[in-house]
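Dear colleague,

Please find the structure below, followed by a summary of what was found in it.

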Amino acid sequence: DDMRAHPNPFVIVANHQSNYDLFIFGSVLPKRTVSVGKTSLKWVPFFGQVYWLAGNILIDRGNAFKAKNAMLKTTDTMQHHDTSIWMFAEGTRNFGEELLPFKRGAFQMAVAAGVPIVPLCCNSYRKTMRLNRWHSGNLVMRSLPAIATAGLTVDDIPALMEQCRSAMLACIEELDRAAQHAA
């Protein structure tokens, strides 16, 4: 399923293994997509400024009021600016291990805006990639069918999170097998 074929807006949720994910996933995202990251990213020299200037959204997870305002901004962005949002549903890197429990943010945004969720999965490249070699390893990605959120409420979010996480777990296991056979 090519996510670039989906009409905007939607929320993309992806598994998060390393800082390279911004470049890896970023290479397949459709136009008019911004990501949500933690405010500490703005202090990374050069990258932080470029990240912010590109229109990506920074959330202060330690400040509930500011985090809620940022979430409202993302909902407005999706509904009125024909822009999709990309988030790492785990909230932090899993370092190529099993998918961590999901945070609610991406799902709350999708339900609030009434837009679908598109899971985007990458194999566990962190375990096998050797970036200091010419052929550093195999990377396999897949977007899953969109999950509709229209008509859902906050009460539906736990089941929505579990549906998405289960589908992504199964997909990542399949991608890991495919990457091993391609090696």
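**Overall composition**

Of the 183 residues in the protein chain, 45% are buried (under 20% relative accessible area, with exposed meaning over 50% and partly exposed in between, using a 1.4 Å probe and protein chains only). The model is a predicted one, in which local features need pLDDT of at least 70 and side-chain atom pairs count only at pLDDT 80 or more, whereas totals for chains, interfaces and linings use all residues. Residues are numbered from 1 along each chain as its sequence is written, and side-chain values use heavy atoms, with hydrogens and water left out.

The protein chain exposes about 10100 Å², of which carbon and sulfur atoms supply 57% (Shrake-Rupley method with a 1.4 Å probe; for residues, only the protein chains shown count as cover). Among its contacts with a separation of 6 or more, 70% join residues 24 or more positions apart (contact means heavy atoms within 4.5 Å).

**Fold**

Five helices and six strands make up the secondary structure (DSSP runs numbered from the N terminus: H or I of at least four residues for helices, E of at least two for strands). Along the sequence they follow the pattern β-α-β-α-β-α-β-α-β-β-α.

There is an open sheet of six strands with mixed pairing, in the order β3-β2-β4-β1-β5-β6 (two strands pair if DSSP finds at least two bridges between them). Its edge strands, β3 and β6 (141-143), each pair on one side only. β2 and β3 pair in the parallel sense over three bridges, and G37 stands opposite L58 in β3.

**Nonpolar cores**

The largest nonpolar core holds 31 residues, of which V13, F102, F107, I117, C164 and M168 touch the most other members (a core is a set of buried Ala, Val, Leu, Ile, Met, Phe, Trp, Tyr and Cys residues joined through side-chain atoms within 4.5 Å). The elements giving two or more residues to this core include β1 (11-14), α4 (105-113), β5 (117-122) and α5 (157-182). The largest share, eight residues, comes from α5.

Leaving aside neighbours within four places in sequence, C164 is in contact with V13, F102, F107, I117, P119 and I147. Another core, of eleven residues, lies apart from the largest one and has A14, F25, W86 and C122 among its members.

**Helix α4**

α4 is mostly covered, with seven of its nine residues buried: G105, A106, F107, M109, A110, V111 and A113. Just after α4, G114 takes a positive phi of about 70 degrees.

Yours sincerely
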